[in-house]
Amino acid sequence: AVVSTQSTGASGLMDEREKAVEAEKAAEKRHEEKVTQRQMNLDAKLHYPKDSFFKTLDSSVKKNSVFVKKLSTITEANRAKLTQDLNSLNLTKYIEEVVSAICTARLKMQDMNCAIHLCSLLHRRYSDFSTLLLKNLQQSLTNFGT
């Protein structure tokens, strides 16, 4: 009985090592993705889309309004759909509403990565997004203390 316990213990130790190696690889991959995203955000000013790009996207009031509404409930579960919608819409005329919806969204900690992802995409596509976001966040924080 002692021998089988020791072999199970050794096997368990190998499983733990494999799990640790997998976790380390996953962490390295996440870090690499974050570094790539950061560089893309830093380079955004050099690569804003031309006006002709926006003409290829959907500018309908209805779809843009629905998207802005969806931003008030950002969750990791609807990340793929929000990203897909964002990539298909021309939000140029609605960027202030987009910023407002993001700033007033009730975010849980597990949904922050989704919110950051969407903000990164918006920052890379719309030159005025970051300025409006910063202004809106400053205003929200000022009002929060009163």
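Student: What is the relative accessibility of Arg79, and what does that count as?
Tutor: At 27%, Arg79 counts as partly exposed (buried is under 20% relative accessible area, exposed over 50%, partly exposed in between; 1.4 Å probe, protein chains only). This is a predicted model, where local features need pLDDT of at least 70, side-chain atom pairs count only at pLDDT 80 or more, and totals for chains, interfaces and linings use all residues. Residues are numbered from 1 along each chain as its sequence is written, and side-chain values use heavy atoms, without hydrogens and water.

Student: Which side chain does Arg79 meet in a salt bridge?
Tutor: That of Glu76, at 3.0 Å from N to O (a salt bridge is a side-chain nitrogen of Lys or Arg within 4 Å of a carboxyl oxygen of Asp or Glu). Glu76 is partly exposed too, at 32%.

Student: How many salt bridges in the whole structure?
Tutor: The search finds 4. Another one of them joins Lys63 to Asp58, with the closest N and O atoms 3.2 Å apart. Asp58 is partly exposed, at 23%.

Student: And what does Asp85 pair with?
Tutor: Lys81, with 3.1 Å between the closest N and O atoms. They are 4 residues apart in helix α4, so about one helical turn separates them (helices are DSSP runs of H or I, at least four residues, numbered from the N terminus). Shared partners join Lys70, Lys81 and Asp85 into one salt-bridge network.

Student: Asp85 and Lys81: buried or partly exposed?
Tutor: Asp85 is buried at 11%, while Lys81 is partly exposed at 41%.

Student: New topic. What does Val98 touch, sequence neighbours within four places aside?
Tutor: Val68, Leu71, Leu91, Leu122 and Phe129, where contact means heavy atoms within 4.5 Å.

Technical notes: Helices (H or I, at least four residues) and strands (E, at least two) are DSSP runs, numbered from the N terminus.
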